Amino acid sequence: MQALVFDIGGTTTRAGLYDLGAARLLRTERAPTPSVSACSSECGRGLRDRLYDLLACLAARLGADAPGYIVVGFPGPVREGGTALRAPTLWGAERDPEPVAERVRAIWPGARIRVVNDLSAAGHGFLRHEHDDACIVTVSSGIGHKVFLDGKPAVGPSGRGGEIGHLRVDFSDEAPLCECGARGHLGALACGRAVPEQAVRLARRDPGAFARSSLAASVAGRATRVDSHLVARTFKAGDPWTVALVGVLAAPLGQALAGIHAAVGVERFVIMGGFAQALGAAYLALVGQAAAAGAWDLGQEWGRMLEFGEMGDEAGLIGAGRLAAREWGGAA
């Protein structure tokens, strides 16, 4: 038994064939996601249609012309039945719900289909046992999380839960604009796409410090040219200004994780996503420091409570495969 699994991201969409019996990925494919950031001149129905064309193309490359089982990890809140409520990293501020399961079923009418939030899918790959508690957090082109309690994602009856990236944490009039159209959301302050604006803010605060940084030399002194790749490189090299910038990015995330811990008591936070992984262990330490400062001290050891997800780019596909095994039989 094999399942066709998808992990749709704001930058890249991944597809794989997962062997339910052997509990492993057999083959994978990937391609850039047609999103508002990649296709700025396109929007609306055409952009949505291109996503399903991409899913069909990736499946064909995998040789999965008639899959029996399909799990789709989708980057946004998904209610029971497979309708996505929003998808800011894909379609920006558009508010129309998207019937993802219905659209996928139109491509593969004979398949059994499950559509879940992408972190709900990935989380199944990080659970240590069937009844594990954990919080899965992604820091990439956006920020998202899912709390798993007793082995199940706590998303509420309408699938709205687990969207910490759209919690407002900056209430100032000049707060950064989030992709969803609102201001001051955590994702707009702390993810990879937040880097240029946060760099400009910090450079304006202390132009001299920015001018002396090795990062400034890389962008000819123009903070607007700072991107996440440059930041990861100079952060690992220990450039003081970049370390301060990453601290600015890490602080609101750490405070949000402290809130999750205080609310539900979860003590294991698995951090995934390309931006976080590129920054490495020193970034995790900064997030932990901010979390420790954000809640009272009951003996928590944030250094032990935070960990990187170790499955890399395939985490979403592996988690989707394990969910398929639990749904339809196999070695979960």
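R103 is partly exposed in this predicted model, with a relative accessible area of 23%. Its salt-bridge partner is E98, and the closest N and O atoms of the two are 3.4 Å apart. E98 itself is buried, at a relative accessible area of 1%. So here the arginine counts as partly exposed, while the glutamate is buried because its 1% falls under the 20% cut-off.

For the whole model, the salt-bridge count comes to 16.

R128 pairs with D132, with the closest N and O atoms 3.2 Å apart. R128 counts as exposed at 57% relative accessibility, whereas D132 is buried at 3%.

Then there's R193 with E179, where the closest N and O atoms are 2.1 Å apart. This pair links distant parts of the chain: R193 is in the loop between α5 (186-190) and α6 (195-205), E179 is in the loop between β10 (152-153) and α5, and the two are 14 residues apart. Both ends are partly exposed, R193 at 29% relative accessibility and E179 at 28%.

| Salt bridge | Closest N and O atoms |
|---|---|
| R103 and E98 | 3.4 Å |
| R128 and D132 | 3.2 Å |
| R193 and E179 | 2.1 Å |

Now for the strands. How many of the residues of strand β9 are buried? Six of the seven are, so β9 (residues 143-149) is largely enclosed by the rest of the structure.

On one side of the story is β8 (residues 134-139), which runs antiparallel to β9 and is joined to it by six bridges. V139 has I143 in β9 as its bridge partner. Three residues lie between β8 and β9, and the two strands form a hairpin.

β9 also pairs with β10, again in the antiparallel sense, this time over two bridges. Which residue in β10 is the bridge partner of F148? That would be P153. β9 and β10 make a hairpin too, with two residues between the strands, and in this hairpin D150 takes a positive phi near 55°.

Put together, β9 is in a hairpin with β8 and in another with β10, and six of its seven residues are buried.

Key:
Residues numbered from 1 in each chain as written. Predicted model: local features only at pLDDT ≥ 70, side-chain atom pairs only at ≥ 80, totals over all residues. Heavy atoms only, no water. Salt bridge = Lys/Arg side-chain N within 4 Å of Asp/Glu carboxyl O. Buried < 20%, exposed > 50% of the residue type's maximum accessible area, 1.4 Å probe, protein only. Helix = DSSP H or I, 4+ residues; strand = E, 2+ residues; numbered from the N terminus. Pairing = 2+ DSSP bridges.
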